[in-house]
There are 2 protein chains.
Amino acid sequence: MFLEIRHLRSLLAIRETGNLARAAERLHVTQSALSHQIKSLEQYFEAPLFLRNSKPLRLTPAGEKLIGLARQVLPLVEGAENDLRRVARGELGRLHIAIECHACFEWLAPVLNRYRQQWPQIEVDIRVGVSFEALPALQKGEVDLVISSDPLKSTDLQFAELFDYEALLVMPADHPLTRKKRIQPADLAGETLITYPVNRQRLDVFSRFLQPAGVEPAAVRQSELTSVILLLVASGRGVAVLPDWVLREAEQAGTLATRPLGPRGMKGMLYAAVRRAEFDTAYLQDFIELARRR
Amino acid sequence: MFLEIRHLRSLLAIRETGNLARAAERLHVTQSALSHQIKSLEQYFEAPLFLRNSKPLRLTPAGEKLIGLARQVLPLVEGAENDLRRVARGELGRLHIAIECHACFEWLAPVLNRYRQQWPQIEVDIRVGVSFEALPALQKGEVDLVISSDPLKSTDLQFAELFDYEALLVMPADHPLTRKKRIQPADLAGETLITYPVNRQRLDVFSRFLQPAGVEPAAVRQSELTSVILLLVASGRGVAVLPDWVLREAEQAGTLATRPLGPRGMKGMLYAAVRRAEFDTAYLQDFIELARRR
DNA sequence: TAAACATCATGAGGTAAATTCATAATGTTT
DNA sequence: AAACATTATGAATTTACCTCATGATGTTTA
């Protein structure tokens, strides 16, 4: 291929002004440059593109063919360039969020609703990270932001703190364990534990609380939805471990009680991870800001 | 605008090979050239286009935007280039024919039917030259070939002889003038002359026969269609002057008689005029060949 | 019909841009 | 850590494009 967008622009200008000199003026080049350019096109295609002895300049069928191409292509190119400029200015973009923690959906959904109003041009999507590794996906460009609770050092990823949280045991308000101020691993040995349906390694209650103490609950039951887990707990089918932000409102209803896990509580920090190169874009920073305030 | 088709091709190759070096190989440039090229694009748009630390190379949303553009634009460009090459080779083209002489339609129609079978890729059209000047239209590129009976010297037009013809007086087989071997202008003074509905200057019978002798026919009647003129003549409503090729078959039916005009007959030559730059193209030459043989 | 004008074409020369070459830098795998 | 794979960089070179000056051609005008 030989044809360049520059050629299409020149041809269109010639066609529309009907005059080499005026077309040249419009393109901010000399008439000579245009003449040379057309000549090289005609030599390459071995076909004349316009009729010299007519006023205004007329195109040959071959020239008209290229004009047709120009009319198709130039608007596309211009549109894409404008989009890209907006991408650069952070006005246009994609925010595909991967969440590693199931419960994050509870605070993320309302945050995203507010975010969408501020940034209607940003294509927002959430992927709950069950079947894939979120951080590698971020590096590969499959997603644009990961909500994670364990930051790692990386040259190409940047982690921003969002807020700290505490995982609490939640149980019916009249549960015997409410008599204790803090829960020990052994306390759960006789309980039915309700969890999200993910691998045990990814559940802090196992990896950070029960497994180190070598305790296994009496039974484990799984549910996908946070609201269903809370219902099951309220109706006495078991206990669960959930982050405090989920429980704040649920506790106020009075039917559920919460207690910290272990002597110092099972605390953690949530982070937003993004690719370092994109960290400074306005629409990402704004999401992080909104997420912090929840 | 800055983006060129070359850039789109590079991006697509990078995207499809997932590797700068392989993309460079495919594009027949060095890996360094591609790296520089991408860098300049990224500087221009002030946005990264692909993620360096991923294998295979992945594009950023901005890069994907450009890939989308490339996928739209490159096939269009390639298609147009191929079409143009075919135009240059004369496989593809346009043959809009203007005819100055009304009667030419009679032989042109069957010629074009044959022509269309040989050149299905050529867009064929006929314009009967009543409301416009055919040769200027040819120069302006509005039409591609003109059938004309008077060639003129021109730097940008080329005339090719088609065949000679003779204009004959046609009348009913039992008309009194059939007693004469040749017709003189004065012979028509008492006749109703049937002509095509065009300006008298463009009718040879006036410009070359009656007007030089200062003769005016008893009446003039006009009809658009050759077949209607012949019917009118056959039913005794008048006489007409038509080229021999029209009359060859009509005469054989026996109801019409023809006679030459003037002492040496009113003879002429038909030409095909085309733009000099296009004269040598195969599809035009082939039309001329077919027209000569009729 | 020549002169003035308008317009496109051409060739030489300069400039900027794109490419190559050689090698550094970086990240990945063993 | 060493070997490897891959991209980035800087300098040199080549190429492509543009401008300038002017020629050529066709068209109006006096």
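In the predicted model, the axes of helix α1 (residues 5-17) of chain A and helix α4 (residues 61-89) of chain A come within 9 Å and cross at roughly 115°, the axes being lines fitted to C-alpha atoms over the stretch in contact and angles running from 0 to 180 degrees between N-to-C directions; helices are DSSP runs of H or I with at least four residues, numbered from the N terminus. In the contact between these helices (heavy atoms within 4.5 Å), I5(A), L8(A), L11(A) and L12(A) are among the residues of α1(A), and those of α4(A) include L66(A), I67(A), L69(A) and V73(A). The residues of this contact divide into 11 nonpolar, no polar and 5 charged.

DNA strand D is surrounded by 19 residues, of which T30(A), S32(A), L20(B), S32(B) and R52(B) are the closest, a residue being counted as near if one of its heavy atoms lies within 4 Å of the strand. With 5 residues, α3(B) gives the most to the surface near DNA strand D.

Local features need pLDDT of at least 70 and side-chain atom pairs pLDDT 80 or more, while totals for chains, interfaces and linings use all residues. Residues are numbered from 1 along each chain as its sequence is written, chains are lettered from A and ligands numbered from 1 in the order in which they are written, and side-chain values use heavy atoms, with hydrogens and water left out.

Methods
Helix = DSSP H or I, 4+ residues; strand = E, 2+ residues; numbered from the N terminus. Nonpolar A, V, L, I, M, F, W, Y, C, P; charged D, E, K, R; others polar.
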